[in-house]
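Here are some friendly notes to read beside the structure. Please keep the 3D view open and find each element as you reach it.

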Amino acid sequence: MLNVQIYPDGGVIMADLFTEIKGKLQSKNVTIILPEGNDPRIIEAALKLQAEGVIQPIVIGNERDIPSGLQVLNPATYEHMDELVNAFVERRNGKVTIEEAREILKDVNYFGTMLVYTKKADGLVSGAAHTTAETVRPALQIIKTKPGITKTSGAFLMVKNDTRYIFADCAITIAPTSDDLAEIAVEGAKTAAAFGIEPKVAMLSFSTKGSAKSEETDKVVQATRLARERAPQLVIEGELQFDASIVPSIADKKAPGATVRGDANVFVFPSLESGNIGYKIAERLGGFEAIGPILQGLNAPVNDLSRGCNAEDVYKLAYITAAQALD
């Protein structure tokens, strides 16, 4: 059996946010799949979640290796495996045989994702011991994106004291097109609203309102137009340099008359490299806590951990995932 301890309560940076989330989740009976039951960090987080009783963790693994008191499902002994196999074959539209499906569902991420797809659980958190691709691929094949959404994207909820921002896409789309950026902007605004942020979206660039012109800036200008067409009710502004999006006095100089006046809270980065670098700078130098990536645009919530995560990261992302399940 794994030797684990429940980590102690502590930390005030996230207290208000998680108090809000827990309040919304009370009596909702939300269940979250944790496929990596052979990882001590997962078990530590699951024990904490189980003890609190707000959401129900379901751990995938071998019952002999997991502390008693946790709900455990084992692909090798799961009594409804035939049901999952048949549902998987149907979902894959004949691309796999029954025999192939049975073999694929031995993989804990595929098995867990099918539990979410068949409504036996509300969401899934993985990635402590798996790559992003290993976590996201089953979700894209099985749960798939919502109608009208072409791609999933990865947002981070950035929190410092009472300040909350959304950064996207920082995890999935390497070289987004204008259409991709527009979609990320609208989905990012939805993610913000889910966590108590009234969204004001900044489409970021190295240019503000034509101060530079290139294919890269044109892409962001076009993305801003498309995002506004998709969601005319939202406040979406671009193209903006970061300082113009966040500092009112600079916004007055660089973008007078803009709808975002240095008060943006949803930041859409023009490429994955800029988004990934940006959130890590905010985290490591700015003192923000980065929660995510939160996968946007899926029919049911599946979220990806960093392989460098700790038990607290697992615990927090489980709550974020549960909150998404309420939408």
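1. Helices (H or I, at least four residues) and strands (E, at least two) are DSSP runs, numbered from the N terminus. With that in hand, look at strand β5 (residues 153-160), which pairs with β10 in the antiparallel sense over six bridges. Within this pairing, Ala 155 has Ile 294 of β10 as its bridge partner.

2. Please note what kind of model this is: it is predicted, so local features need pLDDT of at least 70 and side-chain atom pairs count only at pLDDT 80 or more, while totals for chains, interfaces and linings use all residues. Residues are numbered from 1 along each chain as its sequence is written, and side-chain values use heavy atoms, with hydrogens and water left out.

3. Now step back to the whole sheet. In what order do the six strands of the open sheet lie? The order is β8-β7-β9-β6-β5-β10, and the pairing is mixed. At the edges are β8 (235-240) and β10 (289-296), each pairing on one side only. From one strand to the next, the twist averages 20°.

4. Angles run from 0 to 180 degrees between N-to-C directions, and axes are lines fitted to C-alpha atoms, for helices over the stretch in contact. Helix α8 (residues 215-230) lies across β7 (200-204) and β8, at about 175° to β8. Helix α11 (residues 272-284) lies across β5, β6 (163-168) and β10, at about 20° to β5.

5. Next, the aromatic rings. Rings of Phe, Tyr and Trp (its six-membered ring) pair if their centres lie within 6.5 Å; planes under 30 degrees apart count as stacked, over 60 as edge-to-face and the rest as tilted. The structure holds 10 such aromatic pairs. Phe 88 sits in helix α3 (residues 81-91) and Tyr 110 in helix α5 (residues 108-117), 22 residues apart.

6. Why is the pair of Tyr 165 and Phe 267 edge-to-face? Their ring centres are 5.4 Å apart and their planes are at 80°, so the pair is edge-to-face. Tyr 165 belongs to strand β6 and Phe 267 to strand β9 (residues 266-268), 102 residues apart. Ring pairs also link Tyr 165 and Phe 267 into a cluster with Phe 167, Phe 242, Phe 269 and Phe 288.

Methods
Two strands pair if DSSP finds at least two bridges between them. Contact means heavy atoms within 4.5 Å.
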